[in-house]
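I am opening a notebook on a structure that is new to me, and I want to note down what I look up as I go.

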Amino acid sequence: MQAKTFKTSRSLTYSYLYTSPSNPWLPTLLFIHGFPSTHRDWDAQTSFFASKGYGIVCPDMLGYGQTDKPDDPSLYIHKSLADDLMEVLESEKVGDAIVIGHDWGSATASRLVTYHEDRFLGFAFTAVPFNPPRPVPPLDIMLGHLKKTVGSELFGYWKFLSIDGVEKTLLENVEGFAHLLFPDDPTLWREYVAPVGGMDRWLQEKKQCALPSYMSQASFDAKVAELVEGGMYASLNYYRIVAQGLENDDNAAVRDRTKLSKPSFFAAALQDYVCIPEIGKESFKNNAVDATIVDFDTDHWIQLAQPARFNEELEKWISEKVLNTRKAQL
């Protein structure tokens with residue numbers, strides 16, 4: 001695979017891995033990572049599928065890795081990110097393609113559905129399902145509603161991560177922050193990520209924990225180095241756009257586009273205590289017309305925790321649902 005760059009019409013330079021399909025029958029896979037990651041989160045997938053003959057486009061998303069890191073939160077609106085990725089695909093003259101997103105990458109994948117669904121053969125979502133466009137209420141109201149209806153704010157950490165200057169707090173205890181993102185005990189997220197005040201308390205008390213079984217010390221150290229190198233301010237813009245309601249006008253304009261019609265795949269993380277799998281699966285069933293749902297007994301980081309099984313299930317879905325559908329339409 002080649003490491004490449006491309007400057008979009010917004011004058012933003014994206015860094016990405018690329019290879020064209022070595023098997024002309026197979027499509028290109030667009031992998032979109034989330035917070036706080038880089039294209040490296042997909043290493044086990046890009047190497048596996050490239051070896052099978054698929055094309056690969058795997059970017060560092062805006063604010064991460066070697067891609068530009070502008071400060072302005074309005075540049076991170078997911079419609080704009082989706083349009084950026086469309087330009088990357090067009091620059092490589094990519095033909096048939098499938099989108100695979102994780103975490104905030106699933107939000108960008110959702111806007112590829114909203115604005116460019118016909119361009120793709122199918123869409124896969126990891127831990128976070130397809131999210132139709134809808135205006136988001138003020139963050140405090142949203143968190144209060146979740147507390148009342150499901151017993152937890154679930155996204156209480158969003159409030160913390162959208163505070164001005166919080167990147168300095170995170171970098172002062174970057175190893176503790178990374179331990180909370182990748183704990184050996186996923187239930188720690190119930191106490192320290194989901195509720196308002198949990199993440200700040202973890203950092204104030206300078207807590208750490210053991211690493212999960214799927215992550216070596218070297219991999220953890222690389223994650224920490226990524227956080228430090230990126231500086232974190234830019235990557236936190238994904239939370240600022242929610243806190244500031246910057247996407248509401250765009251979402252209101254297309255709020256009728258609620259359905260995902262192309263073949264779709266949802267990998268549900270059964271030990272994710274923020275992106276609750278039961279809620280995600282119900283939402284996916286309601287919004288995706290041709291849905292495949294597969295449970296993974298892992299934490300939020302499915303593609304890291306069970307890479308071999310994730311690859312197997314994703315390849316099975318592509319073969320049986322996406323490519324067979326394309327074949328039937330020829």
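Before looking up who stands opposite whom, I note that two strands count as paired if DSSP finds at least two bridges between them. I also keep in mind that this is a predicted model.

Entry one, on a pair of strands. I looked up Y18 and found that it stands opposite V57 in β4. The two strands concerned, β2 and β4 (residues 55–59), run antiparallel and are joined by four bridges. On its pairing with strand β1 (residues 2–7), I noted that β2 is again antiparallel, here over six bridges, and that K7 has T13 of β2 as its bridge partner. Between β1 and β2, which form a hairpin, I counted off the five residues given for the connection, and in that turn S11 has a positive phi of about 65°.

How many of the seven residues of strand β2 are buried? I found five of the seven in β2 (residues 13–19) to be buried, so the strand is largely enclosed by the rest of the structure.

Entry two, on the whole sheet. I traced an open sheet of eight strands with mixed pairing, in the order β1-β2-β4-β3-β5-β6-β7-β8. Which strands stand at the edges? They are β1 and β8 (291–296), and each has a single partner strand, so one side of each is left without a neighbour in the sheet. From one strand to the next, the twist averages 20°.

For helix α7 (residues 174–181) and helix α10 (residues 217–230), I noted an angle of about 120° and axes 10 Å apart. The helices α7 and α10 are therefore oblique to each other, and their crossing is right-handed. The contact is made by V174, E175, F177, A178 and H179 on the α7 side, and by F220, V224, L227 and V228 on the α10 side. Sorting the residues of this contact of α7 with α10, I have seven nonpolar, one polar and one charged.

Methods. Residues are numbered from 1 along each chain as its sequence is written. This is a predicted model: local features need pLDDT of at least 70, side-chain atom pairs count only at pLDDT 80 or more; totals for chains, interfaces and linings use all residues. Side-chain values use heavy atoms; hydrogens and water are left out. Axes are lines fitted to C-alpha atoms, for helices over the stretch in contact, and angles run from 0 to 180 degrees between N-to-C directions. Angles under 35 degrees count as roughly parallel, over 145 as roughly antiparallel, 65 to 115 as roughly perpendicular and the rest as oblique. A crossing is left-handed if the near helix is turned anticlockwise from the far one by less than a right angle, and right-handed if clockwise. Contact means heavy atoms within 4.5 Å. Ala, Val, Leu, Ile, Met, Phe, Trp, Tyr, Cys and Pro count as nonpolar, Asp, Glu, Lys and Arg as charged, and the others, Gly among them, as polar. Buried means under 20% relative accessible area, exposed over 50%, partly exposed in between (1.4 Å probe, protein chains only).
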